[in-house]
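Here are my notes on the model you sent over. Have the structure open while you read, and go through the points in order.

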There are 2 protein chains.
Amino acid sequence: MNDKPRRPSMQDVADRVGTSKMTISRYLRSPELVAPATAARITQVMAELGYIPSRVPEMLANDRSRAIGVLLPSMSNQVFSAVAQGIEEITFPAGYHILYGHYGYDMLREEQQIEQLLSFHIDGLLLSESQHTERTLKMLEVANIPVVEMMELPARPIDQAVGLDHAAAAYAMVEAMIARGRRHIVYLAARLDYRTQLREQGYRQAMTQANLPCQIVQTNASSTFSLGAQLLTQAQRGVPEVDGLFCTNDDIAAGALLAAQAQGLQIPRDLSIAGVNHLDIGLALQPQLASIMTPRHEIGRQSAQRLIARINGEQIDQAVLDLGFELFLGGSL
Amino acid sequence: MNDKPRRPSMQDVADRVGTSKMTISRYLRSPELVAPATAARITQVMAELGYIPSRVPEMLANDRSRAIGVLLPSMSNQVFSAVAQGIEEITFPAGYHILYGHYGYDMLREEQQIEQLLSFHIDGLLLSESQHTERTLKMLEVANIPVVEMMELPARPIDQAVGLDHAAAAYAMVEAMIARGRRHIVYLAARLDYRTQLREQGYRQAMTQANLPCQIVQTNASSTFSLGAQLLTQAQRGVPEVDGLFCTNDDIAAGALLAAQAQGLQIPRDLSIAGVNHLDIGLALQPQLASIMTPRHEIGRQSAQRLIARINGEQIDQAVLDLGFELFLGGSL
DNA sequence: TTGTAAGCGTTATCAA
DNA sequence: TTGATAACGCTTACAA
């Protein structure tokens, strides 16, 4: 009942040219092996028909798709769009197509997405997380494709990892706040993913080391500017003497800063505020927001580079690559 | 030379179970047709091997992938992540996998991405733009798959369109500013995509109708908060008496608002500011940012619904669906 | 309840 | 310089 016309195939091109499909195939990979006259006819017919080669047979025959799966936690995170840009700077010239998926910071959805991507026979996989379900690990083991876990530095990576030490970064920032005389620093945490937890470790370590009490305000809600305002209020209620906020990201930090200013507080005189990732919003604020600068673009590039190297069968020297971080102190400390 | 072990196939499962692969295939589609004992063995072996079915043969045999391509302009735009969420609310229960691509607001990259997606035999395509290259149109015609153009209301859609009237929305907002006594309203435009141009039309129409001069400050740079600050400065230089800013999006508007406040200006007393999309940042500002509320989530849902209907061979009643908009006046007018 | 054979679009291999 | 054939993993149609 479905008499939908099929898209033109290599055979259709061959028929019109008056040759076998093998000649068309050959022309596409090594045009110099085809007689110039034939080649000319082929180009013409392909344009006429709007022929687009199918990658599907290659997937079937060689288990190779020239596609790389990339799983991002969200589709509206500037950090990960920078990672994606870094990835494509490497993969595009190398002739790979990227299949993106997102999983909303949810291990189970990550698992489903990986299953989907594997059913498309991807040649390699870039993940934005270092925590996975059992079944994810099993699937990746069986699929036997190169994998790079981005962002963190897992003790035992699936295959390779490229990232930075989030606990150390948090530690450094909180230490800088303490050095400026802040004593009642509260950690504002949202969307309790693993990186948020790592930052909590760094925060706790810095505070404990300075003999200061740890005060954490957290929620599972996802980060927004408004949430930053809410968390500020909660912090002030729980810790009236609060004089510093270390926020798990810049959205929370910016929201808290704007809300504090709306209350009439002077930043940083009355309250120090720091975020993570050094996004553009921090530069638009007055004072500029202190934040941790993360090498996200380079994480994307290095991850893609190392993934493609492994796809090509090269050995890896070191399984985990630490790309470090820097502090931007701005004017809010 | 490449003795990489292949991923387990249906045949591998069959061998271990001691049956033919047909029985495995049958078990996967209609378990009730397989003897319970056999079924039990199959489940067990599939788990042992970590078997994941390949969609590739189906693509080859039936030209059907159960995958839908979605092209977004960027991977860090909250508007489009809401669209994507709306899409998946429909496609996930319907059993479709989404293949995302992004094209950086560039028609040529859109063309390349479409070619890639078609090579994966997608069953349908959702686009975020209504302007395309000639070759894109040709490819889509030949591919003969359903297409929905999201966001705008093209006069002659490729197939179907779901969106809103951006010119009318801009007109309404500028009219509201004029009604509040603003006379020197400048349009701040960044990333000169088609929607930015449509908004310019609306702006011009409202200003002309009120016998006011049109003043436009534009740049091809992509929107950031800092850019909003820069464009404000440019506007002030070009139009010293400026008393209103209509901005092509909330990022620009928020950046301009913060910069204006840093200059000591009172919003809205000295300057009215409005944006587009009603993002969370606008609610965190003081005063809250006037903005155009766009039904992006619903655009995603409706687009997906209508695409799947067409994939299933249903007829379309109306080719273009207008989902409207509302104004949020906030406190910045 | 289970099995056999053919075919989807392309390329590697071998032959002409 | 070009062509014939087999193979990739799975499903449909048919047979047992």
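1. Is Thr19(A) buried, partly exposed or exposed? Thr19(A) is partly exposed, as 19 other C-beta atoms lie within 10 Å. The cut-offs: a residue is buried with 20 or more other C-beta atoms within 10 Å of its own, exposed with 12 or fewer, and partly exposed in between, with C-beta atoms placed from the backbone. You'll find Thr19(A) in the loop between H1 and H2 of chain A. Helices (H or I, at least four residues) and strands (E, at least two) are DSSP runs, numbered from the N terminus. Setting aside residues within four places in sequence, Thr19(A) is in contact with Ala14(A) and Thr38(A); contact takes C-beta atoms, placed from the backbone, within 7 Å. Ile42(A) is 23 residues from Thr19(A) in sequence and 9.5 Å away in space, C-alpha to C-alpha.

2. Some housekeeping before going on. This is a predicted model, where local features need pLDDT of at least 70 and side-chain atom pairs count only at pLDDT 80 or more, while totals for chains, interfaces and linings use all residues. Residues are numbered from 1 along each chain as its sequence is written, and chains are lettered from A and ligands numbered from 1 in the order in which they are written.

3. On to the domains. Chain A splits into domain 1 (10–54), domain 2 (66–164 + 297–324) and domain 3 (166–293), with bounds that come from an automatic or database domain assignment. Between the C-alpha centres of domain 1 and domain 2 of chain A there are 36 Å.

4. Now the two protein copies. Chain A superposes on chain B by a rotation of 180° with 0.0 Å of shift along its axis, at an RMSD of 0.1 Å. That is the relation of a two-fold axis. Ser76(A) is the residue of chain A that comes closest to the rotation axis, with its C-alpha at 1.9 Å.

5. How many residues of chain A are in contact with chain B? There are 51 residues of chain A in contact with 51 residues of chain B. Elements giving two or more residues to the chain A side include helix H5 (78–91), strand E2 (97–102) and helix H6 (107–119). By class, that side has 27 nonpolar, 16 polar and 8 charged residues. Here Ala, Val, Leu, Ile, Met, Phe, Trp, Tyr, Cys and Pro count as nonpolar, Asp, Glu, Lys and Arg as charged, and the others, Gly among them, as polar.

6. Next, the DNA. Around DNA strand C there are 26 residues, and Met10(A), Ser25(A), Pro57(A), Met22(B) and Ala35(B) come nearest; near means a C-beta atom, placed from the backbone, within 6 Å of the strand. Helix H1 (10–17), helix H2 (21–29) and helix H4 (56–62) of chain A, with H2 and H4 of chain B, each give two or more residues to this surface. DNA strand D is also surrounded by 26 residues, the closest being Ala35(A), Ala61(A), Met10(B), Ser25(B) and Pro57(B). The surface near DNA strand D has 14 nonpolar, 8 polar and 4 charged residues.

7. Then the core. The largest nonpolar core has 182 residues, and Leu188(A), Ala256(A), Ile273(A), Leu188(B) and Ala256(B) have the most contacts inside it. Such a core is a set of buried Ala, Val, Leu, Ile, Met, Phe, Trp, Tyr and Cys residues joined through C-beta atoms within 7 Å. Beyond its neighbours within four places in sequence, Ala256(B) has contacts including Leu188(B), Gly228(B), Cys247(B) and Ile273(B).

8. Arg195(A) sits in helix H9 (residues 194–209) of chain A and is buried, because 26 other C-beta atoms lie within 10 Å. Not counting residues up to four places away in sequence, Arg195(A) touches Met151(A), Glu152(A) and His166(A).

9. Last, some backbone spots to check. Most residues other than glycine have a negative phi, and most peptide bonds are trans. The bond joining Ile267(B) and Pro268(B) is cis, with omega about 5°, and the one from Gln286(B) to Pro287(B) is cis with omega near 0°. Asn277(B) has a positive phi of about 115° and counts as buried, with 22 C-beta neighbours inside 10 Å. Arg66(B) has phi near 55° and is partly exposed, with 18 other C-beta atoms within 10 Å.

Key:
Contact = placed C-beta atoms within 7 Å. Least-squares fit on C-alpha atoms with pLDDT ≥ 70 in both.
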